[in-house]
Amino acid sequence: MTVTDETTEAALQERFDATLADGRKIEPRDWMPEPYRQTMIRQIAQHAHSEVIGQQPEGNWITRAPTLARKAVLVAKVQDEAGHGLYLYSACETLGISRDELNRRLHEGRQKYSSIFNYPTLTWADVGAIGWLVDGAAITNQVMLTRTSYGPYARAMIRICKEESFHQRQGFEIMHTLATGTDEQRAMAQDALDRWWWPSISMFGPPDAESVHTEQSVAWGIKLETNDQLRQKFVDQTVPQADYLGLRIPDPDLRWNEERGHYDFGAIDWDDFWKVVRGDGPCNRERLEHKRATWEAGAWVREAALAHAAKKSGRDTTTEEAR
């Protein structure tokens, strides 16, 4: 939208603020402050990158799933994650940035993906723990995003959340099967919970007092709840699930606080969190290198698709003219 004498930037800002105050969505053709646009690009891109990179830890188990049915479900889940990435890249492109540029920024280390995917999947139980805990934490955050202030992002999240709910149930079902199986299987489930619990509750980001983006994101309606509020919600809903499974949350400080009506839990090792975020986790280099290699290997597919689209478009134009 062009700023004219009659429509000053101050008036546009006022209209933007009024749209947010009324609970309405910001749409791609609406004027928006540049910091809002850049924040949305950063958040949606990180989400899209996470969906794509997130295929790697579980894709590692497709050929080793214990039954054909497990393999089929896991293939479907990994395929869903690819689709989620496509929805989100499309939403991000409405902000005026190309998908190629988003991938370039990721490959060059200028954009990030969720640090949770930089941990290895050592056993089949890890696939269950990812579905139950990681996808469970993602749903806790993403349900809120179905009401976020940017329209294309909110609408993409509606379908994503529906599919993620199946992923979470798949993971819980795997953990239930293992937890009610042999002693060895039960030990495998407990080991996976021990390793994935703390990274999962770290997924919501640093404490509110230390979060760089939370306050402004809440003011813009991008986030409707803070990092700490979402983390508490996830802990409260997950602890009873662990009790049902007969598994132990690896936190000696975990206990129900009757006065607060919430679970108290121990201190998160934020040094480890930031170490992984900064690129020094168990699988950071492996994950990004695999993504770069796959992008380069798939260049011919993208080129062929573009050539086919151009050819089809030309043929359709010719047909229209003949009519």
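Author: In this predicted model, the lining of the second largest pocket divides into 7 nonpolar, 5 polar and 3 charged residues. The pocket itself has a volume of about 430 Å³. It is lined by 15 residues, and those closest to its centre are Val52, Gln55, Lys291, Thr294 and Trp295.

At least two residues each are supplied by H2 (34–53), H3 (55–59), H4 (68–93), H5 (99–107), H12 (284–297) and H13 (299–322). Among these helices, H12 provides the largest share, with 4 residues.

Helix H6, residues 124–145, packs against helix H7, residues 151–179, at an angle of about 150 degrees, and their axes lie 7 Å apart. Because an angle over 145 degrees counts as roughly antiparallel, H6 and H7 are roughly antiparallel to each other. Their crossing is left-handed. By class, the contact between H6 and H7 comprises 17 nonpolar, 9 polar and 2 charged residues.

One further residue deserves mention. Trp197 belongs to helix H8, which spans residues 183–202. With a relative accessible area of 0%, Trp197 is buried, since the term applies under 20%. Trp197 and Ile130 are separated by 67 residues in sequence, and their C-alpha atoms are 9.8 Å apart in space.

Technical notes:
Residues numbered from 1 in each chain as written. Predicted model: local features only at pLDDT ≥ 70, side-chain atom pairs only at ≥ 80, totals over all residues. Heavy atoms only, no water. 1 Å grid on protein atoms, 1.4 Å probe; cavity = no way out; pocket = protein on both sides within 12 Å on 5 of 7 lines; lining within 4 Å. Points joined across faces, edges and corners; volume = space filled by probe spheres on them. Nonpolar A, V, L, I, M, F, W, Y, C, P; charged D, E, K, R; others polar. Axes fitted to C-alpha atoms, helices over the stretch in contact; angles between N-to-C directions. Parallel < 35°, antiparallel > 145°, perpendicular 65-115°, else oblique. Left-handed = near helix turned anticlockwise from the far one by under 90°. Buried < 20%, exposed > 50% of the residue type's maximum accessible area, 1.4 Å probe, protein only.
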